[in-house]
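This briefing summarises selected local and packing features of the model shown below. The points are grouped by topic.

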Amino acid sequence: MCIDLFLGVMLSNVSLNAVRTITTNTAVMAALKNVTVIGGGAMGAGIAQVAAQSGYKVTILDQNESLLERSLNTITTSLQRVVKKQYRDKAEEGKVYYDTAVANLGTTTAIGQAVVNADLVIEAITENISVKQELMKTIDKLAPDHALFASNTSSLSIHDIFSVTERMNQCGGLHFFNPVPVMKLVEVVRVPEMSENTFQSLRDFAISVGKVPVACKDTPGFVVNRLLVPYLMESMRLLERGEASAEDIDTAMKLGAGHPMGPLELADYVGLDVTKFIVDGWHQRYPEEPRFKPVAKLDKLCAEGKLGRKTGEGIYKYDK
C-alpha cells in the first residue's frame, strides 16, 4: 500500500521531458549495469521503465507470467505515450527510443535467475514486513556479494526490512513516487549501517534515471509521508470534533494554502484504508506519539467498508 500517489494529483502538470532522453551517465552505469525489480505492480513497473529507458538492463520478477505480462503491457503503453508526446515530429528517433527501452527489459518468475547477475535489487512488493523479510533472506543468499539492495517501501522501516541480511552496509531505501515515469522525487533513505559508497551509489542511480534525490533518515514516512499523513489525520480530527465541515476544511486548504485538493478529498482519493494502514503501523511502533494516534471516525468508516472514491463513499459520497 502506498499513499504517495497523491503527488500525481498535486503535481499533475509535470512535464514528461524528464523521461525522454536515454541517460548516458557512464560512471554510474559502469558500476550498476543490471537492475532487478521485484514486484511488477504499478510502482515496480514504473521503476523498471525508468531504469530501462535510461540504459540499464532490467529484470522484473513476479509470481506468475500473467502478472509479468500485465507489467510489460503497462510499461509499453507508457512508453508509447512518451513517444507520441515527445517524438511527434521525429518518428525514427521515437522508434529507436522505444525499441531500446523495450530491449532492455526482461522478465522471470524464477528468483535465482532474477538476481544472479544483479548489481542493484529493488523490491516493490506488498507492504508487509514479514513477507519482505522472507524475500530478503532468500535474495541475500542468491545475489552476488557486491549487489546493493533497496526497498521502495513508503511506510515500513528500512532497517527492519534488511535486518535479516548479511549485507546491511549495502542496503537502503529508494522511495519513488507514483506515477514513477512522471514524478521527479526519490527519497534516498539512510540506515546507520549503510556505507557512504552505498548511499552515493543509490543517490547517483536516482539521478541517472532522471530523478531528484533527497536524503533522509529511516524514520516513519521519511519526509513526504511523515508530513502528509499527520496532515490528513489532523483534518479528520478537526472534522470529528465538529470544528468545521468537510467542505469547509477542504475549501480552506485549497483557497488558503493553494492546494489543488483539500485533505479530506485527498484522503478519499488515496483510500481511507491506505491512510489507516500506514498510521496504524506507526502507532503500533510509537504508541506515545500523539500524531500517530487513531481517529475514531477513520476507523469507523473503514470498518463499514467506506474507503473513499473506490467504494463510492468515504468522507464524501460519490456517484458510482
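F222 is buried, at a relative accessible area of 5%; buried means under 20% relative accessible area, exposed over 50% and partly exposed in between, with a 1.4 Å probe and protein chains only. The model is predicted, so local features need pLDDT of at least 70 and side-chain atom pairs count only at pLDDT 80 or more, while totals for chains, interfaces and linings use all residues. Residues are numbered from 1 along each chain as its sequence is written, and side-chain values use heavy atoms, with hydrogens and water left out.

**Backbone geometry**

- F222 has a positive phi of about 55 degrees although it is not a glycine.
- The loop between β8 and α10 (224-240) holds F222; helices (H or I, at least four residues) and strands (E, at least two) are DSSP runs, numbered from the N terminus.
- A cis peptide bond, with omega near 0 degrees, leads from N178 to P179, and P179 is found in the loop between β6 (171-176) and β7.

**Nonpolar cores**

- The largest nonpolar core has 59 residues, of which V58, L120, I139, F149, L174, F176 and F205 touch the most other members. Such a core is a set of buried Ala, Val, Leu, Ile, Met, Phe, Trp, Tyr and Cys residues joined through side-chain atoms within 4.5 Å.
- Helix α3 (residues 42-52) gives the most to this core, with 7 residues.
- Of the 11 residues in α3, 10 are buried, including M43, I47 and V50.
- Beyond its neighbours within four places in sequence, I139 is in contact with I38, I111, V115, V121 and F149, where contact means heavy atoms within 4.5 Å.
- Another core, of 27 residues, lies apart from the largest one, and V229, V274, I278 and Y318 are among its members.

**Aromatic and charge-ring geometry**

- The structure holds 5 aromatic pairs. Rings of Phe, Tyr and Trp (its six-membered ring) pair if their centres lie within 6.5 Å; planes under 30 degrees apart count as stacked, over 60 as edge-to-face and the rest as tilted.
- W282 and F292 form a tilted pair, with 5.0 Å centre to centre and 55 degrees between the planes.
- This pair links distant parts of the chain, 10 residues apart: W282 is in helix α13 (residues 272-285), and F292 is in the loop between α13 and α14 (296-303).
- W282 counts as buried because its relative accessibility is 3%, and F292 counts as buried because its relative accessibility is 2%.
- W282, Y286 and F292 are linked by ring pairs into a cluster.
- R190 lies over the face of F199, at 3.7 Å from the ring centre. A charge sits over a ring if NZ of Lys or CZ of Arg is within 6 Å of the ring centre and within 35 degrees of the ring normal.

**Strand pairing and crossover**

- Strands β7 (residues 185-190) and β8 (residues 212-217) run parallel and are joined by 6 bridges; two strands pair if DSSP finds at least two bridges between them.
- V189 has C216 as its bridge partner in β8.
- Between β7 and β8 the chain passes through helix α9 (residues 196-208), in a right-handed β-α-β crossover. Right-handed here means that, with the strands pointing away from the viewer, the path from the first strand over the helix to the second runs clockwise.

**An exposed lysine**

- K84, in helix α4 (residues 65-86), is exposed, with a relative accessible area of 67%.
- K84 and G94 are 10 residues apart in sequence and 8.0 Å apart in space, C-alpha to C-alpha.
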